[in-house]
Amino acid sequence: IKRCVGMIIRYNKQKIIQYIALYLVLILSGSRVWVITMARNSGLYHAIEGLVIIAFLVCLARASVRKYLQYGLLCLGYLLGAVVFVRWWSGGVGIEVFLKWTTYIFIAWIAVTIDADSFIERFLKIVYVWALISIIGFLLQITVPDILKTILPEYASNFSYSLWGNGYNGELFSYRAWGRYLFSFDQMHPNRNVGIFSEPGVYQIVLNSALFCLLFLSKYKSTIEAKKKMRYFYVYAIALMTCQSTTGYIGFLAIILVYFLSSYNSIEKIKQRIIIATIVILLYLIVEYSINGTNSLLYRAFIRKLVTSSGTISVTADSGIYRMRTLIVTIGSMIKNPLGVGYDKVNTMINGYASDGDGGAGAVLFCTGAALGILTMLVIVFWTLYPVFKSRLIKMPAKLLFAFLFFNTALAQSEEIYATIIVVPIFLYVMLWNSQEVVKEDDMGHNVLKSKLQKIGKIE
């Protein structure tokens, strides 16, 4: 009995620690409170970084997880070398960027390896809970915003605007925001669901990562039944729809398309329900567009960003022009300076390229290539995608899909590494390592444990 009680206590302790780590994965993946902390409270920001690194070192005491260390340290070792080299070569970059990457990789590594067998199920569950909270909060946000404002704490958000009183002297104001840890919204996105995140484009990363895990990885090491999977899918899809992110819509459609064109799903009822749900969502968007026109979800999140005022399709429509500026400047910089010029110079070039003074946006992968060298950009891509393409858990369509989701985010957002993305390759790396560790060959050269591995879902 004493032994059983000890096992239960260890299991519950492990479960609690993993859920805490998963919540930190969400917080450090562009949440509003994290973005504001980075910008306004450097002391707290570095303290959190230090705590994550200390937690990582504590985890190293467990021999069962030390074996997975090589994957993360190889990347961080190169990135540290790149930062030091560019600092010496051209300046414009400091140790802060390396510490930020270290924090994101370590928290994702802790969240997965603390209990890899339960990771997928718990990751899907925590995203489901926060997505459900965000949908409820969004409904209150658009129906009774004043009541919601009295409940949630008010503060200055991470977005600002200028008022030009006499034409040349502008006064800077911050958009107001409400809520932090469970749900938040702000004046800049009054009709969009951002959950606890700084903007819709960041929230969609979390939702699409969860959708990828739900449709392609949940059958491995997971006890989620079909009804619960459908419930998760509905909540993720509704949250994505109300988030109104063009990048999110593109990722969602890619996930659904690959899911139905691949041979993964053998449960026809799930497939039929997802088809019905997708059709309902598309019909709603079309009907709502026909009623509300330029105020509709479809127009604000998709048509406006891809169609110019003259009616032509262009990636420079709306906010696309800022991403295109960043791409043009950073690609040109990489051609001229393949070893990197530092972030300070990259930002100066982007701001100088724009005649309206608004600068650029997104395309962070190319910004990193321009700042720290082309090789650094390629190392980040290789490090992220290697476990995915090496994995035996998913087939080639899903591997290509994840690569698309990664580049879709890298071209749109402002962080090289999001913890909610890299948990997927870290999980696949752990599963790959485990499968290689237990497979042994008999005297005839056959894998004696192959059938066992197939049963537990480690190989196809």
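Residues are classed as buried under 20% relative accessible area, exposed over 50% and partly exposed in between, with a 1.4 Å probe and protein chains only. The model is predicted: local features need pLDDT of at least 70, side-chain atom pairs count only at pLDDT 80 or more, and totals for chains, interfaces and linings use all residues. Residues are numbered from 1 along each chain as its sequence is written, and side-chain values use heavy atoms, with hydrogens and water left out.

Salt bridges were considered next. A salt bridge is a side-chain nitrogen of Lys or Arg within 4 Å of a carboxyl oxygen of Asp or Glu. The structure contains 4 of them. One joins lysine 100 to glutamate 415, with the closest N and O atoms 3.1 Å apart. This pair links distant parts of the chain, 315 residues apart: lysine 100 sits in helix α6 (residues 95-113) and glutamate 415 in the loop between α18 and α19. Helices (H or I, at least four residues) and strands (E, at least two) are DSSP runs, numbered from the N terminus. Both lysine 100 and glutamate 415 are buried.

Aspartate 115 and arginine 122 form another salt bridge, at 3.2 Å from N to O. Aspartate 115 and arginine 122 are both buried. Glutamate 154 pairs with arginine 176, the closest N and O atoms being 3.1 Å apart. That pair links strand β1 (residues 154-164), which holds glutamate 154, to strand β2 (residues 170-178), which holds arginine 176; the two residues are 22 apart. Glutamate 154 is partly exposed because its relative accessible area is 47%. Arginine 176 has 29% relative accessibility, so it also counts as partly exposed.

Cavities were located on a 1 Å grid over the protein atoms alone, as sets of points where a 1.4 Å probe fits but cannot get out; lining residues have an atom within 4 Å of a point. Grid points are joined across faces, edges and corners, and a volume is the space filled by probe spheres set on the points. The structure holds 4 cavities of 30 Å³ or more.

The largest share, 3 residues, comes from α18. By class, the lining has 8 nonpolar, 2 polar and 2 charged residues.

On the surface, Leu132, Ile136, Leu140, Val144, Ile147 and Ile151 form a nonpolar patch with about 510 Å² of accessible area together. Patch residues have over 30% relative accessible area and no salt bridge, with nonpolar side chains (Val, Leu, Ile, Met, Phe, Trp, Tyr) joined within 5 Å and like charges within 9 Å. Accessible areas come from the Shrake-Rupley method with a 1.4 Å probe; for residues, only the protein chains shown count as cover. Helix α7 gives the largest share of the patch, 3 residues. Valine 144 lies in the loop between α7 and α8.

Key. 1 Å grid on protein atoms, 1.4 Å probe; cavity = no way out; pocket = protein on both sides within 12 Å on 5 of 7 lines; lining within 4 Å. Nonpolar A, V, L, I, M, F, W, Y, C, P; charged D, E, K, R; others polar.
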